[in-house]
Amino acid sequence: MRRTLIALGLLAVALAVSALAVAASDDQLLPNEQHFLDSSGKTYGNGTKSGSALNMVAVGQNALAERGFNGDVFVYKKFAYIGRWGFFDSSHPQFCPSGGVAVVDAHDPANPVVVANLEVPGASHEDVAVFTARYGPLAGRDIAAVGLQVCDVFRTDPAAAGKRGLGLWDVTNPAAPTLLSVFDTGCCTRGFHELEVGDRADLGRTFVYASLPYAERPDPGSPNGMRDRQGRGEAWIVDVTDPVHPALVSSFGIKKDLGLDPTAGQGCFAISFGHGMDPSEDGQKLFVSYWDAGFLSLDISNPWQPRFLGRFTYAPNEDGDAHSTSFDDQRKLLFTADEDFCKTGPGIVTGWGYMRVLDESDPAHPVQIGAFHTPNSYGLADPGAGDYVIHNPLVVGSDVYLSWYTDGVRVVSTKDPRNPQEVAYFVPPAAQNPIKPAQRDTLTNTTQVWGVAYDSSTKLVYASDMNSGLWILKRTK
């Protein structure tokens, strides 16, 4: 294992990316997966690959044995959990790399150490959340919930069973995790993409809220015409009160429940699906990011019967791409992320995706009241062959922490939500995509910050970079 602290500085790098012929199945790739795959065939000239920072410094870093393809990050009890993603490509099986969620002991943040790995072979482990069970037979134990998407075989292959859905581990001793169960979402889905966990004290239960992309998408080979052979939706609620025996509570879909076309929407990818899931603190409301269909709010006071409340929709000249949200319960504000990789296009607003501020005080009529862009996200350029696109927001008090791919980690004050102001940022230096040989160009050799997490006990910020691994940061102001 190699642990390094990379000094920030100016670094000019000449990057030449060779074309790579691939045979990925476009019909199953998520938009960011398709984007990174398409990028492999481009050739770039010189680009600036320097790191930069404002009011933030690096405390520690772990390159995770330079494994690459790192996904989201979650921090719990001074342990960091970093996912690893992948997808199926029959011509390049390395696009489904081995290794799952890296468990990192960060008690000494200057020297974070990998102590374990959570893995279901043949699956992508992009998202993870950890919690202490309050109810059920394992009350008091620490449980890790991991979204699984099959990546070693095509989704219709019978061998996909057991590699898609939800993996649950006992991580009470993080260095010696125990797999408790795999909740399979069934043929012919790929499995859960993003998830959140919430307790319901009024019900004495714990639920996982997870997205199942493309479940309602047309599938000519399906008896019911849909990918999910059981005709369920794309936003799922799973009861994990007994993590050994998780059970589906309900699902919601824009076709099943609203009668909308699941493939409708203009933009880069022309798709709609449940992507990010964000429950309110009391577990009574759920926000679902549904790509070009916008941001939906559901009443889940009765989790067995979710009820549609309202939807924020895009203007005709906006690209859409609703990806994820973070909700400020006290102010009833929803901070959203448009994962828009299309810098330009016919009849659409130019620029990369950015953060919106929605007033959700009346969930039936959400209203945008503010927005935040990084300087790079406005233009048509991509300095250093980067992706200046927002990915995930995280509300911490009146600040919002944002993972922004090549623009790193951004911290925005929303004391005035109509006029968000950036107060800090940290952009890690660019790193080579370490996965070799055939798939090395699937990710550009740039900064690619996927996720951000915050430890309130230490006030440290954790960031995951797809190439350079885990970064532990501290605000200086």
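Asp 152, at 34% relative accessibility, counts as partly exposed, a class that lies between buried (under 20% relative accessible area) and exposed (over 50%), computed with a 1.4 Å probe on protein chains only. Asp 152 forms a salt bridge with Lys 163, and the closest N and O atoms of the pair are 2.8 Å apart; a salt bridge here means a side-chain nitrogen of Lys or Arg within 4 Å of a carboxyl oxygen of Asp or Glu. The model is predicted, so local features need pLDDT of at least 70 and side-chain atom pairs count only at pLDDT 80 or more, while totals for chains, interfaces and linings use all residues. Residues are numbered from 1 along each chain as its sequence is written, and side-chain values use heavy atoms, with hydrogens and water left out.

**Salt bridges**

- By the salt-bridge rule, the count comes to 17.
- Asp 152 and Lys 163 both lie in the loop between strand 11 (142-150) and strand 12 (165-170), so the pair ties together parts that are 11 residues apart in sequence; strands are DSSP runs of E with at least two residues, and helices runs of H or I with at least four, numbered from the N terminus.
- Lys 163 counts as buried, at 15% relative accessibility.
- Arg 205 forms a salt bridge with Asp 239, with the closest N and O atoms 2.5 Å apart, and this pair links distant parts of the chain, 34 residues apart, from strand 15 (residues 205-211) to strand 16 (residues 235-239).
- Within that pair, Arg 205 is partly exposed at a relative accessible area of 32%, whereas Asp 239 is buried at 10%.
- Arg 356 and Asp 338 form a salt bridge whose closest N and O atoms are 2.7 Å apart, linking strand 24 (residues 355-359) with strand 23 (residues 333-338) across 18 residues, and both Arg 356 and Asp 338 are buried.
- A network of salt bridges links Arg 155, Asp 219 and Arg 229.

- Five strands in the order 3-29-28-27-26 make up an open sheet with antiparallel pairing, where two strands pair if DSSP finds at least two bridges between them.
- Strand 3 (52-54) and strand 26 (392-396) stand at the edges with a single partner strand each, so one side of each is left without a neighbour in the sheet.
- From one strand to the next, the twist averages 25 degrees, with axes fitted as lines to C-alpha atoms (for helices over the stretch in contact) and angles running from 0 to 180 degrees between N-to-C directions.
- Strand 27 (residues 399-403) pairs with strand 28 (residues 409-413) in the antiparallel sense over five bridges, and Tyr 401 stands opposite Val 411 in strand 28.
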